[in-house]
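Trainee: I would like to learn how to read a model such as this one, step by step. Could you take me through it?

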Amino acid sequence: MDNSIEIENLTKIYSGRVTAVDNVSLKIGRGMIYGLLGQNGAGKSTLIKILTGVLKSTSGTARIAGNDLNKDSLKIRRITGVVPQDLTTDGDLSGRENLKLVAELYDIPKKEAEERIEVLLKMVDLYDVRNRHASAYSGGMRKRLELVCGLVNTPEVLFLDEPTLGLDVTTRENLWSYIRSIQKEFKITIILTTHYLDEVDSLADELSIIDHGKIIISGTSEELKKSLNGDIITLKLKNDDEINKIGEFKNATEIKLMENKEIRMKVSNSDEILPVLMKYLSDNSISPESINIRKPSLDEVFIEYTGRNINAEQENKDYAKFMRAR
Amino acid sequence: MGGLIPLTVRDLKRWYRNPVSAVVGVIQPIFWIVLFGSAFDIAKFAGANTSAIFEGAPDYITYLMGGILTIIGLFTGMFSGINIIWDRRLGILQRFLMAPINRASIVFSRILSSVVRIFIQVAILFGIAFVMPNGLKIVNGISILDVVILISAVLMISFIFSSLFSIIAVRTTKMETVFGIVNLINLPLMFASYAMFPPDLMATWLSNVAKYNPVSWSSQSIRMVLIHGSLTSSEAHTVLIYMLGLLALSVFMLVMTYIVSNKEIRE
Ligand SMILES: Nc1ncnc2c1ncn2[C@@H]1O[C@H](COP(=O)(O)OP(=O)(O)OP(=O)(O)O)[C@@H](O)[C@H]1O
Ligand SMILES: [Mg+2]
């Protein structure tokens, strides 16, 4: 099967110190939607910047649609579309002018470009404000403009770096239905980073979890969930005594102490174990503040492999980023 | 060079849509000529010797024209690189780096747009210099060749300095770097040259230094064609040497800029 992207031992060390991408190797099949999951600073954007030619890797290489990253950069740039995490549109130009400029940079014939720009502007509901300067757009409108800039050249390979951050639900849905439709029609490959795990879960054919620049695990969402071997029960306890006692509970396959006196235990089947656990708690007079039972989800997968929640402190950061991006 | 024209058009749009930069661009030449040319009427002191001191010019404004035109080229050129840093800080540069264009056109679009702006400023400057009382006097006529020399001298100066500053801007993320360097070198470039004063009025060491300053070459060439009209063969020879010097420097700097920007420009 032909791969659209083959990454080999890619490493990026910023200014000699920060290793943002650490010896990453990855194969992504043609026509696939591929998710990259990782906390802030994991190295997702850096990886995308290298693959789109904005940054040079420190070592390693990659092939995109058969073109070598270090040799055929121009060819690669012609067939890729990018929606970067940062805003890249020009506030002094109108929405339409921004798209026209992009179309010119990709050498798209004028008439074709005009038709496509109209379709794209309508898709993200910016057609009515197309002649307004982008600096006068709201944060979400600006982000929508950014999105369609990456689609002007109907790319073969599309990189989406947190494309839906700060967008309202309707726009998110419009975007995904548009992307699914062009993906089917043109068999484009999509690499997607997002903090919305539900998006990855429902959209991505395969995904990788990336942490500190390294790929921790890859597979389909189903495979990753299966790899957890059971359900997760979390208990919030009050003191160390309770923590010690719960540590001796035999029916869990794994018990971990998390932050804030939280216990995370893995059980083969929560339906059967729960009554046993309840009895154990009352026998040992442990009274948790809360009990939470979860079937495997991508959130759980993420915690399992990185030891942290993908959206820890995320809400604040999203907001801060969103404000900055404006 | 794919992308050159659209990027140049975009840069010019930003310029004329920003009221401050557009107005400054128009007013600046007026200040130069009105303030420098008439406020400092050095010829008052020189009296009947004016023409002798100022290389045949009937007055100081006429003498100064070559210098001011050169300085317009110099300043606009020096600041043309700064927009690249702006784009980098705003994130817009990323969009250009991802596009399938020769990356040198990101830099050359800036140089090209500064050329357009220089032409506009030069035209305004001439208009004002002619209509203002006691303004520019072209006594000995002016030929097409003279105009060509005048324009090429200004362009080459702007090429030399826009290239220099573009090379700096290709990598730096700090505007302060460029402002610092501009502040450091603009005074020596202007005053250690024949842009404003003839060599006879300078300390000997300074006029010796000024001889090698391309700002002098351009100022003198423009001045000679404006003052003398038809040149004697020895004057023509001097102008030719200056112009060849400017040409060699511009070609060298532009080639360097092409190589550096094509290879090294980064986010
Ligand atoms: N220009 C830079 N210079 C130095 N270090 C950088 C630079 N850009 C990013 N880094 C560092 O590289 C690491 C990876 O950053 P990157 O932006 O790739 O993360 P990310 O996974 O995209 O995070 P986020 O979810 O916040 O977007 C971080 O530690 C970051 O501080
Ligand atoms: Mg990122």
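Trainee: Which domains does the domain assignment of chain A give?

Mentor: Domain bounds come from an automatic or database domain assignment, and for chain A of this predicted model that assignment gives domain 1 (3–225) and domain 2 (229–295). The C-alpha centres of domain 1 of chain A and domain 2 of chain A lie 41 Å apart. Residues are numbered from 1 along each chain as its sequence is written, and chains are lettered from A and ligands numbered from 1 in the order in which they are written. In this predicted model local features need pLDDT of at least 70, side-chain atom pairs count only at pLDDT 80 or more, and totals for chains, interfaces and linings use all residues, while side-chain values use heavy atoms, with hydrogens and water left out.

Trainee: How is the size of the interface of chain A and chain B to be read, and how many residues does the contact take from each chain?

Mentor: The size of an interface is often given as the accessible area lost when the parts come together. Here chain A and chain B bury about 2,300 Å² between them, with 55% of it on carbon and sulfur atoms (accessible area, with a 1.4 Å probe, that two parts lose on being put together, summed over both). Of the area that chain A buries against chain B, Val54(A), Arg77(A) and Leu105(A) supply 28%, more than any other three residues. The contact (heavy atoms within 4.5 Å) takes 29 residues from chain A and 21 residues from chain B.

Trainee: How many salt bridges does the rule find across the interface?

Mentor: The rule asks for a side-chain nitrogen of Lys or Arg within 4 Å of a carboxyl oxygen of Asp or Glu, and it finds six across the interface of chain A and chain B. In a salt bridge, the side chain of Arg17(B) meets that of Glu97(A), at 2.7 Å from N to O.

Trainee: What volume does the largest cavity have, and which helices each supply at least two residues of its lining?

Mentor: A cavity is a set of points, on a 1 Å grid over the protein atoms alone, where a 1.4 Å probe fits but cannot get out, and lining residues have an atom within 4 Å of a point. The largest cavity has a volume of about 60 Å³, and helix 1 (44–51) of chain A and helix 7 (92–98) of chain B each supply at least two residues of its lining. Among the lining residues are Val54(A), Gln94(B) and Met98(B).

Terms used
1 Å grid on protein atoms, 1.4 Å probe; cavity = no way out; pocket = protein on both sides within 12 Å on 5 of 7 lines; lining within 4 Å. Points joined across faces, edges and corners; volume = space filled by probe spheres on them. Helix = DSSP H or I, 4+ residues; strand = E, 2+ residues; numbered from the N terminus.
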